Amino acid sequence: MTLKTATSSSQEISFNEFKKEVLNDYKIAKISRECSLLGRREVLTGKAKFGIFGDGKEVPQLAMAKAFKKGDFRSGYYRDQTFMMAIGELSAQQFFAGLYAHTDIKEDPMSAGRQMGGHFATHSLHEDGSWKNLTEQYNSSSDISPTAGQMPRLLGLAQASKIYRNEKSVQNKTNFSINGNEVAWGTIGNASTSEGLFFETINAAGVLQVPMVMSVWDDEYGISVHAKHQTTKESISEILKGFQRDEKNKGYEIFVVNGWDYVQLMSTYQEAAKIAREEHVPVLIHVKELTQPQGHSTSGSHERYKTKDRLQWERDHDCIAKMREWILEFELETESGDTLRFIDSEEELIILEKEAKKEVTNAKRNAWNAYLNEIKAEGTLVSQILERVAKKSANGAFITKYKNDLVSNSEPTRKDVLSAARKCLWHLKDESFPEKIELQNFIKSSLKNAYSKYSTHLLNESESNVLAVAEQLPTYAQEKNLVDARVVMRDNFDAILEKHNDVVIFGEDAGFIGDVNQGLEGLQEKFGEIRISDTGIREATIIGQGIGLAMRGLRPIAEVQYLDYLLYALQIMSDDLATLRYRSFGKQKAPLIIRTRGHRLEGIWHAGSPMGGIINNVRGMHVLVPRNMTKAAGFYNTLLEGDDPALVVECLNGYRLKENLPTNLGEFKTKIGVVETIKEGKDMTVVSYGSTLRLVEEAAKDLLQVGIDIEIIDAQSLLPFDLHHDCVKSLAKTNKLLVVDEDVPGGASAYFLQEILENQNGYEYLDSKPSTLTSKPHRPAYGTDGDYFSKPSTEDIFEKIYAMMHEYNPQKFKSLY
């Protein structure tokens, strides 16, 4: 390749800078490739458990990195290691530390060993949990493995820039945005574009017109399945042409570029960034003709499903090999007849490649030693303890064998060390001497340290966590001001929006009509269409919007119209939102509040109480089930004082009931994790929540007529549940327990029993079998009668409690049937 141009000394300097940049890019690509190659070997030799690498995608990621600016966010794909290296957020040693699952956040800053390699993150938070200035750093939201799971979050990350640019009330939050100039960069494999989450996000971003640049890395395969089985026309850019913007319609800008063409890639990414950053238009870049030199992952070989011709094509079109050819062939001829080149001979590239290989080899060794030496030190300590124990124990021969096996293991895991110690302790159960106590102390210490390595940061553990927020009771005027309960909710949201200028509320019908139950009535008109907005019917990306906005310093409240519809979004809640703080080792957070309504509605699809399934999928979030709108409003006020994600389930049949309107709207707070005794009694403890409580209260009046006095406890909060153990205090008085729940058998009711009987040791106070009253095993039938025969009724509750009392005292409480 020879180009002619006039040149001057300044142009030569410019060329030298360009040359330096190109060669540095090439070295980064080679370092990344060597990491992939050596990483695969480390898995196959057993040092690492699994590997999924970015080989074959290096050159387009270099181009993306060039266009990526501080303040921007990445929401990506587990093959983006070259990009992370190019922006300076991943070293080769850190790459291997992640592969080995090193539990030190300084060694593996991506997740402290909590995620497999290839899952990248930057640190958004200081040690105390407060925000860093995100505009002064490159940002990568913590990756997740589920294919296309990164897409919903990407939408919110991009939308944040639009809000910061257009909403005056938050334009002073300059540690999160500089005039909304930040771009959200998404990456995905071509096969994963078949996922519904991809299409849902693409459509929503086109509607919202947000600054998002979406890169599709296309190597024609999804594991072993060719694109012809994945995508119509075998091309995602072809089938998305209808999204292309034109003079009359807003939409996307779409680019198609070959993944091995360094020059064209650089140009394309710069143009895409300019469009997204300046115009707030989403961009799709379809990066074609990429390869996957080592196949999909370490779980198999691509030689099994690719033809010889395809494998040869991949060798010929490997993006690094093509970049190497371009560097070798490049010549720039000046008017004076001089020829400028990147290198004078191939030997220069060979030297650079050897340097890259050596750097990666050293990084691998250093990462392995840093990982292993800590464990070996623990192994040495245990071996020494076991040697002393063996001399004292009657079972010394068995213990010596464990010790010798541990000493001979040159590459032990932490499991190997602790397992040996615990098994030896079993042989000492009938013995007592100081060395046994030393062994016991080591085991206790190791388990305590393991908690900090593997179990911390599920929620905010600092003193500023939401559980520390004190209860503040609602205050009332001297004369009751009874209103529809929806008015309590509406007026409290009004107060919230006045108090917290970073709160935005959005969802299906949330904007113009003020939600289907009028809990936001008139607020869009008052606060504008940015702070109170409608969305399409797309629950997964509603939650994704909220995650991304929350990660960029806003306080979103995302509304999903009914609890049953939450199932569309449960995967995103479970895999992304609930795990974010945990999987980033407390370095990222998304304080999203999800608002929905449920309980006691009719029919299979609107029954509104699949709580057991939800609470078992969203550990890492608070799940709150207020019995009325005042309690619900108090929960929102409390949550905004903290920074944990939460789900609030309002009672659907409670909006038209009358409640006394508090005078301290926006200020009163419902305590999270605390139950409330709403009726005291002596004969039985009945625990329930939500709308069912009203049925329990009705049954309690009838039960009093037959001499049964029950104590009613409102759970209020499912995650967490009863932190003060008030349920067991009630059991100590009544000695009998019934859980009433409109979820299916074994759902939330089983959770309550485990919490009360096992965690609170409530079994100690029982003098009869604890019981549950739930809905039928099927989903509820439609209609008033369908509800009556599907879910617990007042009569069911009365008769269940009466039957339990009959079993306890059959003489006093004669059988009803």
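**Exercises on a predicted model**

In this predicted model, ring pairs join F15, F18, Y262, W326, F330 and F342 into a cluster.

**Exercise 1.** Classify the aromatic pair of F15 and F330, and state where its two members lie.

*Solution.* For F15 and F330, the distance is 6.2 Å centre to centre, with 15° between the planes. Planes under 30 degrees apart count as stacked, so F15 and F330 form a stacked pair. F15 belongs to helix α1 (residues 9–44), while F330 is in the loop between α10 (319–329) and β10 (331–334); the pair therefore ties together parts that are 315 residues apart in sequence. Both F15 and F330 are buried.

**Exercise 2.** Determine whether the pair of F68 and Y138 is stacked, edge-to-face or tilted.

*Solution.* The ring centres of F68 and Y138 are 5.9 Å apart. Their planes stand at 35°, so the pair is tilted. F68 is in the loop between α2 (58–67) and β2 (73–75), and Y138 is in the loop between α4 (92–100) and β3 (139–140). The relative accessible area of F68 is 2%, so F68 is buried; that of Y138 is 23%, so Y138 is partly exposed.

**Exercise 3.** Describe the salt bridge between E353 and R324, and then the one between E374 and K453.

*Solution.* The count of salt bridges comes to 58. In one of them, the side chains of E353 and R324 meet at 2.6 Å, N to O. This pair links helix α11 (residues 346–392), which holds E353, to helix α10, which holds R324, 29 residues apart. E353 is buried at a relative accessible area of 16%, and R324 is buried at 18%.

The side chains of E374 and K453 meet in a salt bridge of 3.3 Å, N to O. Here E374 is in helix α11 and K453 in helix α14 (residues 434–454), 79 residues apart. With 29% relative accessibility, E374 counts as partly exposed, whereas K453, with 17%, counts as buried.

**Exercise 4.** Which span should helix α17 have, and does its burial class read buried or exposed?

*Solution.* Helix α17 covers residues 539–551, and its 13 residues should span 18 Å at 1.5 Å a residue. The end C-alpha atoms are 19 Å apart, which agrees. Of the 13 residues of α17, 13 are buried. After α17 comes G553, with a positive phi near 90°.

Definitions and conventions
Residues numbered from 1 in each chain as written. Predicted model: local features only at pLDDT ≥ 70, side-chain atom pairs only at ≥ 80, totals over all residues. Heavy atoms only, no water. Phe/Tyr/Trp six-rings, centres within 6.5 Å; stacked < 30°, edge-to-face > 60°. Helix = DSSP H or I, 4+ residues; strand = E, 2+ residues; numbered from the N terminus. Buried < 20%, exposed > 50% of the residue type's maximum accessible area, 1.4 Å probe, protein only. Expected span 1.5 Å × (residues − 1). Salt bridge = Lys/Arg side-chain N within 4 Å of Asp/Glu carboxyl O.
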